[in-house]
Amino acid sequence: MNIRIGYGWDSHAFKPGVPLKIGGLSIDHPEGLAGHSDGDVLLHAITDALLGAVSVGDIGSFFPPGDARWKDADSSIFLNLALEEIRNAGYRIVNVDTTLVLAAPKIGPIAGEMRDRVAELLGIKPSDVGIKAKTPEGLNADHVAQAHAVVLLQKIENADDLRVMEASIESEEEIEKVLQKIGTQAHDIDPRPALKPLFDTDDIT
Ligand code: MG
């Protein structure tokens with residue numbers, strides 16, 4: 001199968017006196033999110049979505065909350081592990097979409113910055129990251145931040161070949177050879193056929 005989907009969800013309660021971090025972004029706000037780690041609810045949801053997409057468990061199975069090593073940990077550590085898992089499985093991210101549910105702070109004004117930060121952490125383009133936010137109307141959850149995330153992964157073509165090539169590269173000469181080979185392969189790809197009009201417009205009367 002060439003594509004796989006993953007879904008993640010997380011929630012953290014707000015707590016006074018701790019820094020607020022969402023999507024790897026430090027946000028100026030009187031309260032932060034309580035958690036064993038830095039409480040970054042969005043990165044946790046994305047991490048679970050990535051792990052779920054390649055069916056290797058969830059964030060809790062890799063980083064148990066009781067483990068002192070992850071106390072106040074930067075959540076990008078969790079995300080990096082998930083990225084490694086999907087690479088090992090031979091997949092790359094096509095796009096990520098997310099929804100935050102929280103009463104405050106307002107995400108709209110910082111959504112662009114958050115999108116750039118998440119894209120940077122994932123190593124993908126900002127245009128492949130969706131950041132949306134809603135208030136928890138009727139949920140009686142004004143002191144909680146929730147995050148939903150979906151990811152789409154695509155199988156890396158010839159992943160085994162790429163790994164073999166990586167392992168066999170020993171010198172700059174080798175790298176040059178590999179680059180030339182890749183260039184040759186790229187030139188061998190048939191150009192996309194030119195679009196032909198369905199009719200000759202001169203014939204329309
Ligand atoms: Mg969490």
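Let me start with a quick one: which residue just after H1 takes a positive phi? That's Ser 55, with a phi of about 55°.

Before I go on, the ground rules. This is a predicted model, where local features need pLDDT of at least 70 and side-chain atom pairs count only at pLDDT 80 or more, while totals for chains, interfaces and linings use all residues. Residues are numbered from 1 along each chain as its sequence is written, and side-chain values use heavy atoms, with hydrogens and water left out.

Back to H1, then. Helices here are DSSP runs of H or I with at least four residues, strands are E runs of at least two, and both are numbered from the N terminus. H1 covers residues 41–53, so 13 residues, and reaches 18 Å from its first C-alpha to its last. That's close to the 18 Å expected at 1.5 Å a residue, where the expected span is 1.5 Å times one less than the number of residues. How many of its 13 residues are buried? Twelve, so the helix is largely enclosed by the rest of the structure. By buried I mean under 20% relative accessible area, with exposed over 50% and partly exposed in between, using a 1.4 Å probe on protein chains only. The buried ones include Leu 43, His 44, Ala 45 and Asp 48.

Keep His 44 in mind for the metal. The magnesium ion has Asp 10 (OD), His 12 (NE2) and His 44 (ND1) as its protein donors, at 2.1 to 2.2 Å. Donors are N, O and S atoms within 2.8 Å of the metal (3.2 Å for Na, K and Ca), and water is not among the atoms, so sites may look incomplete. Along the sequence the spacing reads D-x1-H-x31-H. Asp 10 is buried at 16% relative accessible area, and His 12 is buried too, at 13%.

Next, aromatics. The whole structure has three aromatic pairs. Rings of Phe, Tyr and Trp (its six-membered ring) pair if their centres lie within 6.5 Å; planes under 30 degrees apart are stacked, over 60 edge-to-face, and the rest tilted. One of them is Phe 63 with Trp 70, edge-to-face, 4.7 Å centre to centre and 90° between the planes. Phe 63 also pairs with Phe 78, this time tilted, at 4.4 Å and 45°. Together the ring pairs link Phe 63, Trp 70 and Phe 78 into a cluster. Phe 63 is buried at 10% relative accessibility, and Phe 78 at 4%.

Last stop, salt bridges: a side-chain nitrogen of Lys or Arg within 4 Å of a carboxyl oxygen of Asp or Glu. A search of the whole structure finds seven. One of them joins Asp 97 and Lys 132 at 2.9 Å, N to O. It connects strand S5 to strand S6, with the partners 35 residues apart. Both ends are partly exposed: Asp 97 at 29%, Lys 132 at 36%. Then there's a network, where bridges with shared partners join Lys 21, Asp 38 and Asp 74. Within it, Lys 21 and Asp 74 meet at 3.5 Å, and that pair spans 53 residues, from strand S2 to the loop between H2 and H3.
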